[in-house]
Amino acid sequence: MTQAQVPLILAAIDMGSNSFRLELAQLQHGQYRRLDYLKETVRLGAGLDAMSMLTEEATERGLACLRRFAERLSGLPGRQVRAVATQTLREARNRNAFLARAQEVLGHPIEVISGREEARLIYAGVARLQTAEDPRLVIDIGGRSTEMILGRGPQPVSAESFQIGSVSLSMRFFPDGRFTAEAFRAAQVAAGAELEEAITEFSRQSAQPRWKQALGSSGTVGAVSQILAASGVSPDGSITLDGLRWCIEQCLVAGRVDALKLPGLKEDRRAVVGGGLCILYTLLTHFDIDRLYPAKGALRQGVIFDLAERLDPKMLAAGRDMREQSVSELQRRFAVDRDQAGRVQSLAQRLHAQLSPKAEEEHRRELSWAAALHEIGMMVSHHDHHRHSAYLLSHVDAPGFSQNQLRRLGDLALGQRGGLRKLEEQLQEEPMVWQLLALRLAAIKCHARSNVDPADIKIRRDGMDVTIEMRKGWADTHPRAHFLLREELDAWAKIGKVQLALEA
């Protein structure tokens, strides 16, 4: 093979509530080849205090792990690395402070993904590494959340995330490491209360089964499967109610976590095995699962497949980035005027190329998505629609997008009009300055909601000085747009970030 034909090395970092994982792999013709896998028990989820603040001790454990991951990633281009964080950082009130330190240590951006996005990526990893056409239920029990996905073939049909996991349940019901029958019953009731709302959607329903096989992904299922196989209770490692009862009985006989001697139980799983067993028992009981099989894929493989689609959709015959599909679906759901969105999108991209010709591809795409969705708030109200757009984009579930990126799109939508002081903190980042200026100018130029001539407006930039050139006579024929442009000069002058000048 020539150098150009050698598959890219792709890296995924899964910053879970119990463990951090790094996986390096290559894809060729859709086939997955693992190159390296590192896992460290960080217990980040155990470091959330009563105020949902991440403690310094937990933070240091996470940073130390990421430093080691950074050494392994040395020399790998940033576009080939994707790091995602899950439930603990979804909950942590001080997550931004942690992310700032973590990204500096790792040397790569970290995306906090929503529960549904986590579920989608889990299914992507399982479905591509364990192919089947029959409908399946995939379950992933993490440290602080549990994901459930119904899917057929490579496509998820329904996906949800629930805020209960092996770490959080163990900390609540077995805080001192003691195992009692009362604690197990109480933990199962708590798990049932959290998962009860999913019964209608995810139960098998034997008359017309929604799924034919149940698969369990990642740490908790893998740990219990290894225990059952090593003890001879379940030679194939599948998990049943009888097997779970045997495990719980062994815990009760031991009485304490530190006295538990189960074949196949790894030391890093000992402290959270109680909570994991309770969630599994509840799932099998409530959702009519007679046998849960360990799955081959997990979140980290799903991240790698998703990254491959972003870099080259043809690599997996996907056709396009999942985020493009999400933008199109959001336009449909919120009845966006696609003609107007297209006009603003096209002009904003053209202006951005003049303002920041060397911008990163991801920044160009963010501007494109923000322009395509800048008016979704119109569905709520025409008045202050930019604020409604910002709220919707910051809180919507959109497959493919991280919570970080959706908030960035929300900031762009918020800043499309009006004063700029509301975004002074975000405008400390220069890429945001040029994204926002391009979007605002495009919205002004397309204010009449009719076709525009892109040649009517050009931009010259020298450092932070920007000159807007208008075609001769344009101001006379477009007095309202010209008025808005003059107001735009005042808006930027008030925050002193960019010095705008207008040549008509």
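Modeller: His385 lies in helix α16, residues 385–395. Helices here are DSSP runs of H or I, at least four residues long, numbered from the N terminus. This is a predicted model, so local features need pLDDT of at least 70 and side-chain atom pairs count only at pLDDT 80 or more, while totals for chains, interfaces and linings use all residues. Residues are numbered from 1 along each chain as its sequence is written, and side-chain values use heavy atoms, with hydrogens and water left out.

His385 is buried, at a relative accessible area of 5%. Buried means under 20% relative accessible area, exposed over 50%, and partly exposed in between (1.4 Å probe, protein chains only). Beyond four places in sequence, His385 touches His374, Glu375, Gly377, Met378, Gln416 and Arg417. Contact means heavy atoms within 4.5 Å. His374 is 11 residues from His385 in sequence and 8.8 Å from it in space, C-alpha to C-alpha.

Next, Glu366. Its place is in helix α15, residues 361–373. Glu366 is buried too, with a relative accessible area of 6%. Leaving aside neighbours within four places in sequence, Glu366 is in contact with Gln405, Arg408, Leu409, Leu412 and Gln435.

The axes of α14 (residues 338–355) and α18 (residues 430–445) come within 8 Å and cross at roughly 135°. Axes are lines fitted to C-alpha atoms, for helices over the stretch in contact, with angles from 0 to 180 degrees between N-to-C directions. α14 and α18 are therefore oblique to each other; under 35 degrees counts as roughly parallel, over 145 as roughly antiparallel, 65 to 115 as roughly perpendicular, and the rest as oblique. On the α14 side, the contact includes Val344, Leu347 and Leu351. On the α18 side, Gln435 is among the residues that make it, as are Trp434 and Leu437. The contact residues divide into 12 nonpolar, 2 polar and 1 charged. Ala, Val, Leu, Ile, Met, Phe, Trp, Tyr, Cys and Pro count as nonpolar, Asp, Glu, Lys and Arg as charged, and the others, Gly among them, as polar.

Now the core. The largest nonpolar core has 57 residues, and Leu351, Leu427 and Leu437 are among those with the most contacts inside it. α18 gives the most to this core, with 10 residues. A nonpolar core is a set of buried Ala, Val, Leu, Ile, Met, Phe, Trp, Tyr and Cys residues joined through side-chain atoms within 4.5 Å.

How values were computed:
Helix = DSSP H or I, 4+ residues; strand = E, 2+ residues; numbered from the N terminus.
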